[in-house]
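Reader: I'd like to go through this one with you and ask where the labels come from. Can you put it up first?

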Amino acid sequence: MGFLDGKVGVVTGAAQGLGTAYARALASEGADVAICDVKPEVSAVADEIAATSGRTVRAYPCDVSDAEAIRGFVDGVLRDFGGVDVVVMNAAIYGSSPLDLSREEALAEYQRFYDTNVKSVYLLERAFAPSLVEREGDIVVISTDHVLPPLEPGGTRGGPGSDLYDSSKWVLNGYIQAWALGFAAQGHNVRVNGIGMGATDTPMLRGVFPGDGPSDEIVAGWMTPAQQAQLLLDLLQDGRTGDLISSEPGHPVELPPRSAYGQPVSNLPIEQFHHGLMGLEPAIWEPPS
Ligand SMILES: NC(=O)c1ccc[n+]([C@@H]2O[C@H](COP(=O)([O-])OP(=O)(O)OC[C@H]3O[C@@H](n4cnc5c(N)ncnc54)[C@H](O)[C@@H]3O)[C@@H](O)[C@H]2O)c1
């Protein structure tokens, strides 16, 4: 028995890393889960989670940068599961766009990043929205701490080589804010939040370290996908909307206080509204005393 018994979850980019952890966590709480990825390994991940959780877990091959592939994925999920309650927009690519790229290469990189990290989220939201409205569900957009204020005084965010990645994640802030407001304004109980984590041990982050990869000492300082998955479950149980949750190595991986949340954001007084969105609630990012 779990708090997601009878619910259906969707996780994009679940063949490895955080996506696998999110799918496993949803199933552990009783949800049936639909997962997708460009990597064929997603099928084995679905089989493994189904076997360990006893839930129905189906894998769909899907390149989320391809609008037609998204259409096929959504149609398949709605046909196979009948509707969705939780959609975790997790699939993304990371990388840099060096200044010495040719014009054609730079344009191709722009297209690749924005189709994968931005357009996919937009299309998935639109396609699943009717079902989420009907079932009063959740959208969780996976972002990055690069677009949140640093927890440590003097801390920095983002990297010199991650312009397309970081900018694509900034775009997601606009989605989270507008969708949280939009659903609430129309009287729909669909919650929209983001999770913008710092360094978490996944193939994506390990891939940033060329050669032998990161040392054990470096990896020991990272957060784990299991911690992030627990944060997702806590967020789903909390019921807030319009928030972007931060987490950072060296700090507890936990939901920040819910001072301004828990009601439709359109009902908030303007000063709470201002602080309640996009992680700007001071309690979230003030340096720990
Ligand atoms: N790991 C970190 O430290 C970290 C930090 C901040 C944010 N994030 C975010 O967390 C999410 C998951 O990252 P991760 O670290 O697990 O990455 P990862 O690269 O290990 O896993 C991402 C998965 O998405 C899939 N994917 C990529 N492009 C796809 C496409 N076009 N269609 C379908 N699937 C696709 C990949 O095949 C892979 O299985 C991403 O949104 C990432 O930006 C990760």
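Reader: At what angle do H1 and helix H2 pack, and how far apart are their axes?

Author: Before that, this is a predicted model, where local features need pLDDT of at least 70, side-chain atom pairs count only at pLDDT 80 or more, and totals for chains, interfaces and linings use all residues. Residues are numbered from 1 along each chain as its sequence is written. Now, H1 and helix H2 (residues 42–53) pack at about 25°, and their axes are 10 Å apart. The axes are lines fitted to C-alpha atoms, for helices over the stretch in contact, with angles running from 0 to 180 degrees between N-to-C directions.

Reader: What makes H1 roughly parallel to H2?

Author: Angles under 35 degrees count as roughly parallel, over 145 as roughly antiparallel, 65 to 115 as roughly perpendicular and the rest as oblique. The angle here is about 25°, so H1 is roughly parallel to H2.

Reader: Which residues meet there?

Author: From H1 there are Thr20, Ala23, Arg24, Ala27 and Ser28, and from H2 Val45, Ile49 and Ser53. Contact here is C-beta atoms, placed from the backbone, within 7 Å. By class, that contact has 4 nonpolar, 3 polar and 1 charged residues. Ala, Val, Leu, Ile, Met, Phe, Trp, Tyr, Cys and Pro count as nonpolar, Asp, Glu, Lys and Arg as charged, and the others, Gly among them, as polar.

Reader: Why are H4 and H5 called roughly parallel to each other?

Author: Their axes come within 10 Å and cross at roughly 15°, so by the cut-off already given H4 and H5 are roughly parallel to each other. The contact draws on Tyr110, Phe113 and Val121 of H4, among others, and on residues of H5 including Leu172 and Trp179.

Reader: What makes Glu136 count as exposed?

Author: Buried needs 20 or more other C-beta atoms within 10 Å of a residue's own, exposed is 12 or fewer, and partly exposed is in between, with C-beta atoms placed from the backbone. Glu136 has 12 such neighbours, so Glu136 counts as exposed. Glu136 lies in the loop between helix H4 (103–135) and strand S5 (138–142), and has a positive phi of about 55° although it is not a glycine.

Reader: And how many residues surround the ligand?

Author: There are 28, and the closest are Gly13, Gly17, Ala92, Thr202 and Met204. To count, a residue's C-beta atom, placed from the backbone, must lie within 6 Å. The shell divides into 15 nonpolar, 10 polar and 3 charged.

Notes:
Helix = DSSP H or I, 4+ residues; strand = E, 2+ residues; numbered from the N terminus. Contact = placed C-beta atoms within 7 Å.
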